[in-house]
Amino acid sequence: MNIYFVGMIIVMAAFLVISYFVSRKVRNAEDFYVAGRNAPVLLIAGSLLASYMGTGLFMGDAATSYKGALGPMTIIASMLGAGSIFGAVFFGRQLRRSNTITIPEYFGMRFHSDSMRMLSAVVSVVTMAVYLISVVQGLGTLMSTVTGVHYHICLIACAAVFTFISVTAGSKGVLITDTLMAALFTLSLLIGIGFIAKETGGYFDTIRSLASDPDTSAILSWTGKPGVLGFNVNSTFDVILWGGVYGIVWGAVGMISPWQASRYQMAKSEHVILKSSLIAAFGLFALDFFAMMAALLVNRVYPDMPDPSRVMIWASMNLMPKIIGVILLTGILSAGISSATTFQSLIGASVSNDIMKLIRIRMHPEKSAEQNTDRRDIRIGRIAMIAAAVIAVAISVTNPQALFIIMFLGSSMIASTWMPVAIASVFSKRVTKTGAFCGMLAGFAGAFIYKIATYFAGWEPPVYLDSALVGMVLNVIAMTIGSAFTQVTDQEKAARKKILTMPESEKEPGDVKRTLRVMRIGCFVGVGIFAVLLIFWLIPYMNAVGK
Amino acid sequence: MEILIAAAVCAWITFFAVWAYLKVKKDYRNDSSSVSVTKKGKDTVR
């Protein structure tokens, strides 16, 4: 048993104890699924950061940056921040006004359609499951690499921890542990990058050294190292296009992805939504940028690592004092667990509140007005969460070949399936339930089939024909056609009016004044990001290359 | 070129932040009877 293993066990035990105490305050389904709709700015902002930041960031994005794509990745990270702000104002507030528990329930309410609710619930569960499997695999790899314990045991240990948090404490526990984990991995990253820089010869000196070496200079240029983004991305125009397309995909994640937008259903007020989105916009960008920069610096001491996805693990174990390495690795572990709890609790909520509820009503219509179903709803949700964890571990252990088909769906699903319908649900007077249903189905199925077809045909499409864009276009076309041949019903008009009407409780003058003040300050988020880029990347890089 | 990209990044985030601020301010002005927003952009509470 090494020190990293001990550190991870201590952190996981701490989160288990915290969630046990939080679980004692869960009284009903609203507490369990939407934290009693009473969460303050700190918890919402913390959860927005923690839900996004997972093993994907510390192993995936870090590896891409290490290989030489910091510039293009920075472009899409900024779109993620912009999406976060846009999503809060134009979707998050409306989502909260709907007084629903899940986003599928919101779609069902907005379009007055059980079919729409069922379709979006199924899509949501599939999407969350894909991400959960990916995070579980990342957690297992991280823990087994660091501790030397068998991969399967690590998978089970991590799954047991995040399942305990989700199942016992529900969303309340997830929000609290997410926020603590966000604090832990932010702190550990900032400390960690300092030690990595020290070992590589100093932060600014390492940038200057990498930039002035012809072999490594390209990894710091805004276009990145040629070929690192795929063989279709070669020219400057290709890189701009790549940044634009994947920027839209990431922007969609920040804007309307269930693991981001669902936090707004838990917020105490719309003021909380607006303030936390600004914190998240800056935080998401800054954490992403510094994690990628930390990985990039490692090129100075260990270029051409065989498995770049382990660059942060290697740096933690080789470039810093043991205790600091433990802090950084437990921070990365926390980031993975926090994302897993979010995905898992969303799966539980959608299965219980949407899928099973709709099936029950279909089979027993006389029970549709049934009251006091909280205990049953929570029980079904818990069973679904445990089932999701078991399936995720089983798939990670067996790693079946068929898995690659579902993993194809990946990040493009949010942009192709959810984004056009989510935006139309707020902005469009003309979109109907039929249009929304056709749009979501076409976006989901279109992107999936297209991706499978291009894979089997052995053809890598150019960036402008990426499955996310194809799915989005199909979504909009199907939504437009479906809406053109049907009429908006009175219930749909009433639902739209409801989500566009600000509740009286939001108009308290003191709150309004404070929120507008924060949002005025928020207008300078872009300037803050510009300053970060200038100081920590561009000035030392441009000095070194003589620009 | 790097500076231009950084400036573009700054510009589009600022664009969304300003758009969000103006939208929220307009919403409060339209919906609230207790808050008025002056032409100079200062928020005054009655």
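# Working through a two-chain model

The contact brings together 31 residues of chain A and 28 residues of chain B, where two residues touch if their C-beta atoms, placed from the backbone, lie within 7 Å. This is a predicted model, in which local features need pLDDT of at least 70 and side-chain atom pairs count only at pLDDT 80 or more, while totals for chains, interfaces and linings use all residues. Residues are numbered from 1 along each chain as its sequence is written, and chains are lettered from A and ligands numbered from 1 in the order in which they are written.

**Exercise 1.** Work out which parts of chain B touch chain A.

- Start with the elements giving two or more residues: they are helix 1 (2-31) and strand 2 (43-45) of chain B. Helices (H or I, at least four residues) and strands (E, at least two) are DSSP runs, numbered from the N terminus.
- Next, find the top contributor: helix 1 of chain B gives the most, with 22 residues.
- Then sort this side of chain B by class: 19 nonpolar, three polar and six charged residues. Ala, Val, Leu, Ile, Met, Phe, Trp, Tyr, Cys and Pro count as nonpolar, Asp, Glu, Lys and Arg as charged, and the others, Gly among them, as polar.

**Exercise 2.** Describe the build of chain A.

- Count the elements: chain A has 22 helices and zero strands.
- Check the radius of gyration (taken over C-alpha atoms) against the globule rule, 2.2 Å times the number of residues to the power 0.38. Chain A comes to 23 Å, close to the 24 Å the rule gives for 547 residues, so it is as compact as a globular protein of that length.
- Its C-alpha trace spans about 70 × 55 × 50 Å along the principal axes.

**Exercise 3.** How do helix 17 and helix 18 of chain A pack?

- Take the angle: helix 17 (residues 412-427) and helix 18 (residues 433-456) of chain A pack at about 165°, with axes 8 Å apart. Axes are lines fitted to C-alpha atoms, for helices over the stretch in contact, and angles run from 0 to 180 degrees between N-to-C directions.
- That makes helix 17 of chain A roughly antiparallel to helix 18 of chain A (under 35 degrees is roughly parallel, over 145 roughly antiparallel, 65 to 115 roughly perpendicular, and the rest oblique).
- Look at the residues: among them are A:S412, A:M413 and A:P420 of helix 17 and A:G439, A:F444 and A:A447 of helix 18.
- The classes of this contact are eight nonpolar, six polar and no charged.
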